[in-house]
Amino acid sequence: GLTAAIVVTLALGLGGATAILTVTRATLIGRLPYPAPDRLVEIHEQRPATGEQTPTSYATLEALRRGTTVFASLEGYDGANFIVGSADGARMVRGAELTTGFFRALGLRMLAGRDFASGEDAPGNPSIAIVTDRFARTTGMDGPGVASIMVNGIPRLVVGVLPSASEVGVLQEADVFTPLVVDEARRTDRGLRTLAIVGRLKPSVTMAQAERDLATVMSQLERSFPDALKGRIASITPLRDAVLGGVRPIVTSLLVAVALLLLIMAANLALL
């Protein structure tokens with residue numbers, strides 16, 4: 001009985017500690033599953049006076065593309081919940097509307113099929129979608145270019161399947177992606193703030209250089225469009241920090257819990 005109690009105590013204590021440390025290592029030490037992830041950043045609009053941080057508009061994204069020189073690419077995404085219908089019924093699925101070069105900016109290659117092509121975000125183009133490998137497997141899809149799904153009541157042809165690794169990082173639990181339709185409102189309305197921007201810095205460009213470049217362009221935009229952009233700057237954050245920022249305090253608490261767990265285990269063994 002004593003031996004069994006000791007073995008169970010060790011198993012529970014070390015098993016729990018190992019599980020928590022594995023999660024901690026993946027969160028605090030692991031890299032995002034993209035090529036050269038240290039070159040990736042996320043950009044938002046911010047009001048320094050209040051600390052308020054918001055997404056930006058497609059019109060502002062276009063202006064940053066034209067005005068900055070430090071980025072190899074700048075792309076946007078608008079996270080959303082889709083009602084998706086397929087052969088096994090309809091359900092709510094996490095997804096996003098993306099600018100067509102988004103996956104290329106991250107450095108993601110399709111597991112099957114193809115990426116969005118330039119120009120497929122124009123109004124009136126054929127309705128298409130890209131899904132994750134997880135979604136394709138759970139819905140029993142035959143393959144890209146064959147399967148069709150309903151997204152918010154619109155039939156869309158699945159043209160590509162993302163690898164499982166893409167489910168980590170900025171895409172998180174999203175499974176269905178559609179091109180962001182760039183209509184007249186998106187091109188002109190700087191108050192239509194729905195896009196988070198992901199940028200890839202050019203080689204050898206530092207964060208400080210990127211901040212200065214963004215500040216210059218945003219200052220010019222503020223003078224040109226004071227009604228929409230007065231008092232706003234561009235906030236730039238390494239993508240890894242943007243993705244994991246809210247998780248770090250939780251993970252730190254888990255590390256404290258590991259220490260307490262091991263202490264309790266040691267006390268129980270001493271008692272036994």
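A salt bridge is a side-chain nitrogen of Lys or Arg within 4 Å of a carboxyl oxygen of Asp or Glu. The structure holds 9 salt bridges. The model is predicted: local features need pLDDT of at least 70 and side-chain atom pairs count only at pLDDT 80 or more, while totals for chains, interfaces and linings use all residues. Residues are numbered from 1 along each chain as its sequence is written, and side-chain values use heavy atoms, with hydrogens and water left out.

**View 1. Glu-45, Arg-193 and Arg-232 are linked in a network of salt bridges.** The side chains of Glu-45 and Arg-193 meet at 2.7 Å, N to O. Glu-45 belongs to strand S1 (residues 40-47) and Arg-193 to the loop between helix H5 (184-188) and strand S10 (196-201), so this pair ties together parts 148 residues apart in sequence. Helices (H or I, at least four residues) and strands (E, at least two) are DSSP runs, numbered from the N terminus. Glu-45 also forms a salt bridge with Arg-232, with the closest N and O atoms 3.2 Å apart. Arg-232 lies in the loop between helix H7 (226-229) and strand S11 (233-238), so its pair with Glu-45 in strand S1 ties together parts 187 residues apart in sequence. Both Glu-45 and Arg-232 are buried, whereas Arg-193 is partly exposed, with a relative accessible area of 22%. Buried means under 20% relative accessible area, exposed over 50%, and partly exposed in between (1.4 Å probe, protein chains only).

**View 2. A salt bridge joins Arg-137 and Asp-133.** The closest N and O atoms of this pair are 3.0 Å apart. Both residues lie in helix H4 (residues 133-139), 4 residues apart, about one turn of the helix. Arg-137 counts as exposed at 54% relative accessibility, and Asp-133 counts as buried at 16%.

**View 3. Phe-103 and Phe-177 form an aromatic pair.** The structure holds 4 aromatic pairs. Rings of Phe, Tyr and Trp (its six-membered ring) pair if their centres lie within 6.5 Å; planes under 30 degrees apart count as stacked, over 60 as edge-to-face and the rest as tilted. The ring centres of Phe-103 and Phe-177 are 5.5 Å apart and their planes stand at 90 degrees, so the pair is edge-to-face. Phe-103 in helix H3 (residues 102-106) and Phe-177 in strand S9 (residues 176-179) are 74 residues apart, and their pair links distant parts of the chain. Both Phe-103 and Phe-177 are buried. Together with Tyr-77, Phe-102 and Phe-116, they form one aromatic cluster.
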